[in-house]
Amino acid sequence: MKTIIHKAEDRGFANHGWLQANHSFSFASWYNPEKVHFGALRVLNDDIIAPKMGFGTHPHDNMEIITIPLKGVLKHRDNMGDDWIPVVPGEVQVMSAGTGVQHSEINGSVDEYLSLFQIWIIPEERSVKPRYDQKTFSEADRKGKLQTLVTSFKDEDENSLKIHQDAKLSRIDLKEGESFTYALKSKDHGVYVMTISGGVSISDFNLNSRDAIGISETSDFEINAIENSELLFIEVPMITL
């Protein structure tokens, strides 16, 4: 099994006043040649956005973009006809940028900060028709068991959101002392595990809140919860850029 550890404090950080951004991978003005991507996972940003603030209209193309609100309310607008749609914790948003899309993202609250993960995954198909979707996922359905959030259009899972890549995004909440074995769907895949909160042990590594580990070249691995913990799994093909 091959592993790479990304400690929370080693992430890139940008303070824009209205935006506090932590970058797991090279992004914008922050560049680390050893942290450009993990397989098809290109971006994992951990953002805190001030009330009423956000990202003005800007373009994307040929990228699968997933947003997971953790606290607060996100509002989304794009040139596909979606006009300030709210996305709240418990929901996940996906957008296939494809041939090109323009969108805006703002904190929809006047007094509460917005916390979210934004994830970019390199697609296996380029120049697809742009697409937007979102879905609600019950917190109860990830207590001690894997809850699948996002899969490929080619995957038979009908309860997940879809993207143009053979990827799988999932979550689990573990109680202190609980264990879970994650099984990869392919030997050519790797999994980037982000500790949303709590503390776990994976392959003799202890991971605390916002620490991450990239795991590849294995069929499965075990997770042991040192305390009550929330985990995000991003499984992707281990492509090279």
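This is a predicted model: local features need pLDDT of at least 70, side-chain atom pairs count only at pLDDT 80 or more; totals for chains, interfaces and linings use all residues.
**Notebook: salt bridges**

I started with a group: Glu139, Arg142, Lys143 and Asp173 are linked in a network of salt bridges. I then looked up the total, and the structure holds 12 salt bridges.

**Arg142 and Asp173**

Arginine 142 and aspartate 173 form a salt bridge, with 3.3 Å between the closest N and O atoms. I checked where they sit: arginine 142 is in the loop between strands E12 (131-136) and E13 (147-152), while aspartate 173 belongs to strand E15 (residues 168-174). They are 31 residues apart, so I wrote this down as a link between distant parts of the chain. Buried or exposed? Both arginine 142 and aspartate 173 are buried.

**Glu230 and Arg171**

Next I looked at glutamate 230, which forms a salt bridge with arginine 171; their closest N and O atoms are 3.4 Å apart. This pair also joins distant parts of the chain, with glutamate 230 in strand E22 (residues 229-237) and arginine 171 in strand E15, 59 residues apart. Arginine 171 counts as buried because its relative accessibility is 7%, under the 20% cut-off. Glutamate 230 has a relative accessible area of 25%, so I noted it as partly exposed.

Why does lysine 187 count as exposed? Its relative accessibility is 69%, and exposed means over 50%. Aspartate 188 comes out at 48%, so I put it down as partly exposed.

Definitions and conventions. Residues are numbered from 1 along each chain as its sequence is written. Side-chain values use heavy atoms; hydrogens and water are left out. A salt bridge is a side-chain nitrogen of Lys or Arg within 4 Å of a carboxyl oxygen of Asp or Glu. Helices (H or I, at least four residues) and strands (E, at least two) are DSSP runs, numbered from the N terminus. Buried means under 20% relative accessible area, exposed over 50%, partly exposed in between (1.4 Å probe, protein chains only).
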